[in-house]
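Please examine the sequence and the model shown here before reading on.

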Amino acid sequence: MEMIKLTIDNKIVEVEKGTTVLKAARKVGIDIPTLCYFELGDMKIENKPGGCRVCVVEIEGRKNLAPACATEAMEGMVVDTHNIRVLNARRTVVELMISDHPYDCLICSKSGNCELQTMAQKFGIREIPYQGEKSTYRVDTSPSIIRDVDKCIMCRRCEMMCNDVQTVGALSAVNRGFTAVVAPAFEMNLEKSPCTYCGQCVSVCPTGALTEVDHTRNIISALADKTKTVIVQTAPAVRAALGEEFGMEYGTLVTGKMAAALRRLGFKYVFDTDFAADLTIMEEGTELLGRLGKHLAGDKDVKLPILTSCCPGWVNFFEHNFSDMLDIPSTAKSPQQMFGAIAKTYFADKIGVNRKDMVVVSIMPCLAKKYECQRDEFKVDGNPDVDFSLSTRELAHFIKQANIDFLNLPDEDFDHPMGESTGAGVIFGNTGGVIEAACRTAYEIHTGKKLEKVEFNQLRGMDGIRSATIDFNGLPLNIGIAHGLGNARKLLEDVRDGKSNFHAIEIMACPGGCIGGGGQPYHHGDSSILKKRAAAIYQEDAGKPIRKSHENPDIIKLYEEFLGTPCGEKSHHLLHTHYFDKSNEVFIQE
Amino acid sequence: MVNLKLSEDKINQIKEICKSFNNEKGELINVLHKTQTMYGYLPAEVQEVIARELNVSTAHVYGVVTFYSFFTMIPKGEFPISICMGTACYVRGAEKVLDEFKRELKIAVGETSKDGKFSLSCLRCVGACGLAPVVLVGEKVYGRVSPDGVKDIIAEYKQ
């Protein structure tokens, strides 16, 4: 690799040819502020439109200041990153941005996490010298995501995520000049676009232009209603990230404190979505073995591979883009919905509560879950199995709102019976986790043998597309894994073209899996945070006394007392679903 | 991606245009250009077809259509009227002629009259500066147009 030398702020820097000035500066610890620039290094995600001009630097011999994020470092270049001309230019750029930005920081949901606000503070901006026209655009509210593009600074990060990473194609910059906005086709509402609600646009938005629909108030009302029994479930990835919102180290597990906090918030029963994840494995694993058995016996009507269906962003994506293949995903509902279905039948009966008087809340690392729980097929006479879904961020705000001293809470356990879970349920939060959990159970059921080692390390990792062959006692099971919808698209196109020989494929919509979900605390482009969360999830798994879903005593009891057998009639009714062709669901306004 | 209201013929024509550019993403602007030349405008359904053929998102196609002022989603009138705003025409009073057309037709530049007969646009120099100010109705050129003559031009096409 060819190396070059340049001088930045009187320091000699040696970097590979092709490196940007920004990265060269960061290599020697020189910080250049950025705003539109965004990077998730390990995921090969980068946004550098060079549009905001906050990262400008002075390069000797050049007339104009250059954006460090989009300027290649050259041999012998002499760069100054903080002389008065540079600092004045940056300041002006931010002042101009704020001059066309609402001044509602006090009540903006992004306050404290807003990168524009941070920049204004950093530059000590105390007044806006520019008066002029302001953008006004309607606020677009969908089941999961709110677009308030008056707060948009045209950094194009969401566009990059939606198009390049996720290949969803819901958002694009439209119009030009002052009227330019990021919007769906024909400036329709997000709800009428191919948006999957994965929320990755929200997770990278530097300002409050893209945020989640907040359901905290609805839950406070439900908790205050004496006639309601309010129960809560928490997804695996939440416990690995919630602590961040309270200043704890990245990758700190807060399972016990989270349960304690939820109890103090007033939830009558604090349960774990991991329980439902174990249940998912029973259903999905049985379905996999059933389809595999028939396929191996020569039944041509049985389609393989089987696709996991836990991720609602992914379900939306294939309903829009692979509507010709609706028969290959597993029919198993997601853990969130399995939980709701069991809570409002089995558990409601157990405690003698009518389903109409029970409110099921889920805490999810995800924004698509908000949409999922509103889907009509998950309602009984209009009453949803899961009433409200809160993101990890919303839960953190809720805890702060209630003045709970999170850091000093004792560790508490989940309630029974739907709080009992195994290590297999926990790893649902990581990419590769669902299929590993399925393998732990399917292996033992298929071979009748006990697994010597429950970890399938070949299924773990952060590469966007992975494959592995697991030896099922002589039967080689080919497994594919993708995280990020762009990667999923590649895997699925190969399946469509008959180019792959996978038996099972796990897909999660968000980079890293649920730990990198659209509802998680903002990582601001630091991919080491995602790795630490992933490690925490595996740590929780390793510490569990039971690590295989089919050994969960409360799951065994649930089948004995209520469901009968996995994929049996009752399961089919309560725990399985069907998919819709949404490829034609984009409507054109007249 | 859409409940199409376009006729089979029209869809096939658009597909042909895309095919003539090898269905390449990078040819989007050329495809749009050619399609607009054929249809006069680029309605939503047409953009949907092009997006599908070139394998790009509809949002992206719409982004390009709304970025370039040459592209329009409004159908042109039966008789598209263009007023030259080139230097020669401008100094000889093209703007007053344009204002008169706006007043007579009750539409702004880029719009089409309610009955669908006339649309109004501006252009830069048709190479007939000796005839300034110049107005085009369809392919027909009118020279030395004065605001007083606007009514007569419109009347020619009213029936």
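In chain A, 25 Å separate the C-alpha centres of domain 1 and domain 2. The model is a predicted one, in which local features need a pLDDT of at least 70, side-chain atom pairs count only at pLDDT 80 or more, and totals for chains, interfaces and linings use all residues. Residues are numbered from 1 along each chain as its sequence is written, while chains are lettered from A and ligands numbered from 1 in the order in which they are written.

**Domains and confidence**

Chain A is divided into domain 1 (3-96), domain 2 (100-127 + 135-212) and domain 3 (217-575); such bounds come from an automatic or database domain assignment. Helices (H or I, at least four residues) and strands (E, at least two) are DSSP runs, numbered from the N terminus.

The average pLDDT of chain A is 95, and 99% of its residues score at least 70; pLDDT is the predictor's confidence in each residue, from 0 to 100. Over residues 585-590 of chain A the pLDDT is below 50, and this stretch has 13 contacts in the model beyond near neighbours in sequence.

**The parallel sheet of chain A**

In chain A, 4 strands form an open sheet with parallel pairing, in the order E14-E13-E16-E19; two strands pair if DSSP finds at least two bridges between them. At the edges are strand E14 (269-272) and strand E19 (388-391) of chain A, each pairing on one side only. Neighbouring strands of this sheet are turned by 25 degrees against each other on average, direction ignored. Strand E13 (residues 229-234) of chain A is joined to E14(A) by 4 bridges in the parallel sense, and A:Val232 stands opposite A:Val270 in E14(A). Helix H6 (residues 216-224) of chain A packs on the sheet, where it touches E13, strand E16 (358-364) and E19 of chain A, and its direction makes about 125 degrees with that of E19(A). Axes are lines fitted to C-alpha atoms, for helices over the stretch in contact, and angles run from 0 to 180 degrees between N-to-C directions.

**Other strand pairs of chain A**

| Strand pair | Sense | Bridges |
|---|---|---|
| E1 (residues 3-8) and E2 (residues 11-16), chain A | antiparallel | 6 bridges |
| E20 (residues 465-472) and E21 (residues 475-483), chain A | antiparallel | 8 bridges |
| E21 and E22 (residues 504-508), chain A | parallel | 5 bridges |
| E8 and E9 (residues 145-147), chain A | antiparallel | 2 bridges |

E1(A) and E2(A) form a hairpin with 2 residues between the strands, in which A:Asp9 takes a positive phi near 45 degrees; A:Met3 stands opposite A:Glu16 in E2(A). E20(A) and E21(A) also form a hairpin with 2 residues between them, and A:Asn473 in the turn has a positive phi of about 55 degrees. The bridge partner of A:Asp471 in E21(A) is A:Pro476. E21(A), helix H15 (residues 485-496) of chain A and E22(A) make a right-handed β-α-β unit: with the strands pointing away from the viewer, the path from the first strand over the helix to the second runs clockwise. A:Ile479 has A:Ala504 as its bridge partner in E22(A).

An open sheet of 3 strands with antiparallel pairing has the order E8-E9-E12 in chain A. Strand E8 (140-141) and strand E12 (210-212) of chain A stand at its edges with a single partner strand each, so one side of each is left without a neighbour in the sheet. A:Thr141 stands opposite A:Ile146 in E9(A).

**Chain B**

Chain B is divided into domain 1 (8-67) and domain 2 (79-158), with their C-alpha centres 29 Å apart. Chain B has 7 helices and 4 strands, which follow the pattern α-α-α-α-β-α-α-β-β-β-α along the sequence. Taken along the principal axes, the C-alpha atoms of chain B fill a box of roughly 50 × 30 × 20 Å.

Methods: Two residues are in contact if their C-beta atoms, placed from the backbone, lie within 7 Å.
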